[in-house]
Structures are given as structure tokens and as C-alpha cells.
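This briefing goes through a single protein chain by topic.

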Amino acid sequence: MQPICITVLAHQEERRIATCLESLPLGRKDVIIHVVVNGSTDGTAARAQAIADRTDNLVVHNFKEGGKSRSWNRFLFDTLTAFHPAHIFVDGDAEIVPGSIDALAAALKADASVNAVAGMPYNGRRYAEYRAAMVRDHGLFGDLYGLQGAFLGEMKRRGLRLPDDLVGDDGLIGAMAKTNLEPETDWQDARVQVCEQAGFLSETVSLWSPHTWAMQRKRMVNYSVRHFQNRMVSEIMRAQGPAGLPRQLASLYLQKLPSLTPRAHPVWWWFDRAALRRMAAQARTL
């Protein structure tokens, strides 16, 4: 078994997936790369497969059902038959800085008490601010991070999964790593370490493109859903820990929605209202 497993989670990334995969250690015998394409209707899977056809350490999985957290669960706990010593996770639109994969794997190997290691942003409008916050708070970005295989094995043994409809998997994964899969009373920041030798580059986009506006609107509504979901998840993590997480957070919406109101901040009020409407519709569907 290869010591390093890289999981690339990709949704509608036909423009970026080749850049992402070409930045990874293709062809190395000590690394296996799994591309988990989920809910994509564009050419993401085809472009990933074209690269897989010319290297022997890349496998493409094409899940028709979307959702990053759902696909994370499905690949790790339903598809894989065993865990590798180091598991590295990459977003399909991220370009990984050379040397990052080895740096993350080395950090995990150096200290078995560290459940997660985080790569850092290397560009972006506020990247210096984000880097400082990561160092201060032992945070991680979903674009690039690593987990101990033993940690994932313990999750599977206990039957713990991310809620399938969770928006923003990185926050909960970081919390679960810091609590060692227990309630928040066992919180230890040191269980998540930031690896400054590992990093990723994000795509730079034009603020004046109508396509960018549409993407940003969708992103902001998702951030609002994440805000409300985080409140629910925090209550569960404080009281019961990961064992209390439901398979779908939408199963809690009917109970929780009456107490949720849009934030008064003018930037967030409109997006929060749109998020609450979406959550109400999802609750009715359940």
C-alpha cells in the first residue's frame, strides 16, 4: 500500500481540473491519487480520465450524486477498503505548490498525536490575513489538508460521518480533529497543525464578469447556509460530540428554523434571507 493517498474532490471543474492534477505527483509509486468527481455535468470526469490514461497512479471515480461532504463520506467509508498512513485532500480548482504533498505527509508522520495538518493559501486578495488566522487558530482550508489514516479508521470504526448536506466540510473536520472525535470538552488546538511549507494557489477571476457575479451570489448564499448550519453543529459538538451528528442537517431544520433570523449586517441580510428560504424548502422536501 502506498504511504500517501491524495483525494481530489471536483465538481464542475473542467476548466481547472487539469491544472490541479498536473500540480500533483503524477507517476510516483509511493502516491495514489483518487479524483472524486461528484454531480458534474461538464467535462470534469473526461479531462481527469485523459490524464489517468497516461499515468499509473491516478484513478477517477464519477459519482452522479453531488455534494462535497456526501462524496467525502462515500469515497472514504464506502469505496476505500483500507486507509493509507497519510491522506491528503485537495479541491479540484486548487493548484498545489511544489513540495506541498511531501511536507504534509512528513508533518503527519512526525507526530502521531496530530490528527490533521493544513496547507496555506499562497495567493488571493486576503491571503496574508487568512494565513495569520490559520497560524493563530490552528485552522484549515478545505483546498488542501491532510489527515492521519488512523484517524479516518477510527471514524469508520465508530460509524462517524459528516452530514451529507453539510456546507463547508473543513470547519467540522477541523473540530473533529481537535476534539479527537469527542465532545468539545476534549478540544486541543495542537491536534491540528499548520504546515507553512505546504500551500495552494487559487484561480484569479475578473470582478467585472457577469459569470463571476453569478458565482459570487451562489457562494454568498452558501456561506449563509454554512453560518446557520455551524450554529446547529456547534450545539451538537458541545453536548454530544460527533456521535450526535445527523445524517442530514436538514432533518433539524423544522425544529431550528423558527429561532433563526437574518443578521442585521447589510452585506449579509439579503443572503441570509435567501439561505433560510432554501433551508425551509429542503425541510419541506424531507
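D78 and R161 form a salt bridge, with 3.0 Å between the closest N and O atoms. The two partners come from distant parts of the chain, 83 residues apart: D78 sits in helix α3 (residues 68-79), while R161 sits in the loop between α6 (149-158) and α7 (169-179). The model is a predicted one, and a search of the whole structure finds 18 salt bridges in it.

- E182 pairs with R158 in a salt bridge whose closest N and O atoms are 3.1 Å apart.
- Because E182 belongs to the loop between α7 and β8 (192-201) and R158 to helix α6, this pair ties together parts that are 24 residues apart in sequence.
- E182 is partly exposed, at 29% relative accessibility.
- R158 also counts as partly exposed, with a relative accessible area of 34%.
- The pair is part of a network of salt bridges that links E154, R157, R158 and E182.

- K256 forms a salt bridge with E235, and their closest N and O atoms lie 2.8 Å apart.
- K256 is in helix α9 (residues 253-256) and E235 is in helix α8 (residues 210-239), so this pair links distant parts of the chain, 21 residues apart.
- Is K256 buried or exposed? K256 is buried, because its relative accessible area of 19% falls under the 20% cut-off.
- E235, its partner in the salt bridge, is partly exposed at 40% relative accessibility.

**Packing of α3 against α6**

- The axes of helices α3 and α6 come within 10 Å of each other and cross at roughly 90°.
- An angle from 65 to 115 degrees counts as roughly perpendicular, and α3 and α6 are therefore roughly perpendicular to each other.
- Which residues meet where α3 contacts α6? On the α3 side they are W72, L76 and F77, and on the α6 side L152, M155 and K156.
- By class, the residues of this contact divide into 5 nonpolar, no polar and 1 charged.

**Overall build**

- The chain contains 10 helices and 8 strands.
- Its radius of gyration is 19 Å, close to the 19 Å given by the globule rule for 286 residues, so the chain is as compact as a globular protein of that length.
- Taken along the principal axes, the C-alpha atoms fill a box of roughly 55 × 45 × 35 Å.
- Of the 286 residues in the chain, 49% are buried.
- Among contacts between residues at least 6 apart in sequence, 77% join residues at least 24 apart.

**Q148 in strand β7**

- Q148 lies in strand β7 (residues 144-148).
- With a relative accessible area of 11%, Q148 is buried.
- Leaving aside residues up to four places away in sequence, Q148 touches P85, L108, D111, A112, V114 and N115.
- How far apart in space are Q148 and K109, C-alpha to C-alpha? Q148 and K109 are 8.4 Å apart in space and 39 residues apart in sequence.

**Loop residues with positive phi**

- Q12 has a positive phi of about 55°, although it is not a glycine.
- Q12 belongs to the loop between β1 (4-10) and α1 (17-22), and it counts as partly exposed at 34% relative accessibility.
- N180 is not a glycine, yet N180 has a positive phi of about 55°.
- N180 is placed in the loop between α7 and β8, the loop that also holds E182.
- At 33% relative accessibility, N180 is partly exposed.

**W270 in helix α10**

- W270 is a residue of helix α10 (residues 266-285).
- W270 counts as partly exposed, at 39% relative accessibility.
- Between W270 and L257 the C-alpha to C-alpha distance is 16 Å, and the two are 13 residues apart in sequence.

Technical notes
Residues are numbered from 1 along each chain as its sequence is written. This is a predicted model: local features need pLDDT of at least 70, side-chain atom pairs count only at pLDDT 80 or more; totals for chains, interfaces and linings use all residues. Side-chain values use heavy atoms; hydrogens and water are left out. A salt bridge is a side-chain nitrogen of Lys or Arg within 4 Å of a carboxyl oxygen of Asp or Glu. Helices (H or I, at least four residues) and strands (E, at least two) are DSSP runs, numbered from the N terminus. Buried means under 20% relative accessible area, exposed over 50%, partly exposed in between (1.4 Å probe, protein chains only). Axes are lines fitted to C-alpha atoms, for helices over the stretch in contact, and angles run from 0 to 180 degrees between N-to-C directions. Angles under 35 degrees count as roughly parallel, over 145 as roughly antiparallel, 65 to 115 as roughly perpendicular and the rest as oblique. Contact means heavy atoms within 4.5 Å. Ala, Val, Leu, Ile, Met, Phe, Trp, Tyr, Cys and Pro count as nonpolar, Asp, Glu, Lys and Arg as charged, and the others, Gly among them, as polar. The radius of gyration is taken over C-alpha atoms; the globule rule is 2.2 Å times the number of residues to the power 0.38.
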